[in-house]
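Please take a moment with the sequence and the model below before reading on.

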Amino acid sequence: MLPDLPPTFVRAVTGAFGAAGHAWLTRLPVLLPHYAERWSLRLGAPFALAYNYVVAATRADGTPAVLKLGVPTAELIAEIAALRCFAGHGAARLLAADPDGGALLLERLLPGTPLAHLDDDEQATLHAIVVMRRLWRPLPAEHAFATLAHWTRALRRATPNMLAGKLPPSLLERAQRLCDELLRMQASPVLLHGDLHHHNILRATRAPWLAIDPKGLAGEPAFEVGPLLYNRLPPLRDATAVRRCLARRVELLAQGLPLDRERILAWGLVQAALSLVWSITDNADWQPAAACCMALAELQQRGQP
């Protein structure tokens with residue numbers, strides 16, 4: 001095993017992938033030089049590590065790149081397929097990939113500053129809208145991208161006891177009912193990023209902003225807005241500020257995208273509740289998702305910002 005792997009990274013990988021994650025970690029010292037030789041790379045320092053080993057690289061011709069290694073899973077394979085479909089439109093380019101080995105060689109976005117570092121929330125939302133419009137495209141005739149019905153199954157199976165003390169049972173029931181209704185009346189599906197939040201949109205040179213780390217989902221465009229709503233909120237103790245921030249984001253999204261405001265609110269509430277369920281399951285911070293649920297529910301009831 002690499003001696004400098006952060007313990008938090010090791011715990012995250014083994015916690016998420018169990019024995020397969022442990023086996024992958026033991027192979028990592030071999031995988032790195034293998035792909036460096038295969039793709040003629042000079043490797044640099046790793047980036048902040050979560051569930052994948054991501055390292056700066058330079059190609060033989062001097063082009064900066066990123067080598068991303070992960071446990072080969074359906075999710076990683078979907079990311080590769082999505083990047084191939086996006087073909088650099090709105091997202092980092094996929095330069096090479098080995099799906100069976102869980103390896104991706106990606107365009108390095110420079111300067112690579114996340115949208116989360118932009119202080120002006122309105123400008124950040126407007127930049128995200130441009131990226132969304134560039135990303136969405138028809139689904140391939142044959143694909144294995146997850147459907148929204150599959151993606152939201154954890155929310156539809158959640159129980160009030162699971163969310164006790166975190167979300168009122170009536171609001172969970174409301175989110176589940178909305179989810180069922182939205183799934184029954186979906187607009188024509190397109191290829192979605194699936195996790196388009198402020199840390200997955202980076203400043204670049206060939207385009208002002210480009211996306212990274214797509215999940216690759218098949219669903220209606222309005223589903224895409226969720227992660228942009230429940231991430232990077234004002235201090236949660238100020239419920240009024242949270243509600244105002246979300247109201248402004250929703251209005252900008254409705255103005256800048258061919259989407260209905262009420263559908264944005266509905267999918268936003270569903271996705272915030274889904275994120276809450278996932279956060280509880282993963283022992284992660286659930287409070288931003290809960291605050292987003294409460295604020296979006298209030299905006300729905302008021303019918304106005």
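## Strands, cores and backbone

Three bridges join strand E7 to strand E10 (residues 217-219), and these two strands run antiparallel. This is a predicted model, in which local features need pLDDT of at least 70 and side-chain atom pairs count only at pLDDT 80 or more, while totals for chains, interfaces and linings use all residues. Residues are numbered from 1 along each chain as its sequence is written, and side-chain values use heavy atoms, with hydrogens and water left out. Helices (H or I, at least four residues) and strands (E, at least two) are DSSP runs numbered from the N terminus, and two strands pair if DSSP finds at least two bridges between them.

**The sheet of E6, E10 and E7**

- The strands of this open sheet, three in number, are ordered E6-E10-E7, and their pairing is mixed.
- Strand E6 (146-147) and strand E7 (190-192) are the edge strands, each with a single partner strand, so one side of each is left without a neighbour in the sheet.
- Within the pairing to E10, Leu191 has Ala218 as its bridge partner.

- Strand E1 (residues 41-46) pairs with E2 in the antiparallel sense over four bridges, and a hairpin of six residues connects E1 to E2.
- Across this pairing, Pro46 stands opposite Val55 of E2.
- On E2 there is also an antiparallel pairing with strand E3 (residues 64-69), made over six bridges, in which Val54 has Lys68 of E3 as its bridge partner.
- The hairpin of E2 and E3 has four residues between the strands, and Gly62 there takes a positive phi near 90°.
- Strand E2 (residues 53-59) is mostly covered, since six of its seven residues are buried, where buried means under 20% relative accessible area, exposed means over 50% and partly exposed lies in between (1.4 Å probe, protein chains only).

**Nonpolar cores**

- The largest nonpolar core has 81 residues, of which Leu246, Leu253 and Leu296 touch the most other members; such a core is a set of buried Ala, Val, Leu, Ile, Met, Phe, Trp, Tyr and Cys residues joined through side-chain atoms within 4.5 Å.
- Helix H9 (residues 261-281) gives the most to this core, contributing twelve residues.
- Not counting residues up to four places away in sequence, Leu296 touches Leu229, Leu246, Val250, Leu265, Gly268 and Leu269, where contact means heavy atoms within 4.5 Å.
- A second, separate core of 23 residues includes Leu5, Val13, Leu69 and Val71.

**Helices H3 and H8**

- Helix H3 (residues 121-135) packs with H8 at an angle of about 35°, with their axes 10 Å apart; axes are lines fitted to C-alpha atoms, for helices over the stretch in contact, and angles run from 0 to 180 degrees between N-to-C directions.
- Residues of H3 that make the contact include Asp121, Thr125, Leu126 and Ile129, and those of H8 include Cys245, Arg248, Arg249 and Leu253.
- Asp121 is found in H3, and with neighbours up to four places away in sequence left out, Asp121 touches His198, Arg232, Cys245 and Arg249.
- Asp121 and Arg248 are 127 residues apart in sequence, and their C-alpha atoms are 9.2 Å apart in space.
- Arg243 lies in helix H8 (residues 239-256) and is buried, with a relative accessible area of 14%.
- Leaving aside neighbours within four places in sequence, Arg243 is in contact with Ala295, Glu298, Leu299 and Arg302.

- Most residues other than glycine have a negative phi, and most peptide bonds are trans.
- Leu110 and Pro111 are joined by a cis peptide bond, with omega at about 5°, and Pro111 is found in the loop between strand E5 (103-107) and H3.
- Asp213 has a positive phi of about 55° although it is not a glycine; Asp213 lies in the loop between strand E9 (209-211) and E10, and counts as partly exposed at 29% relative accessibility.
- Asn283, a residue other than glycine, has a positive phi near 55°; Asn283 is in the loop between H9 and helix H10 (287-302), and is exposed, with a relative accessible area of 75%.
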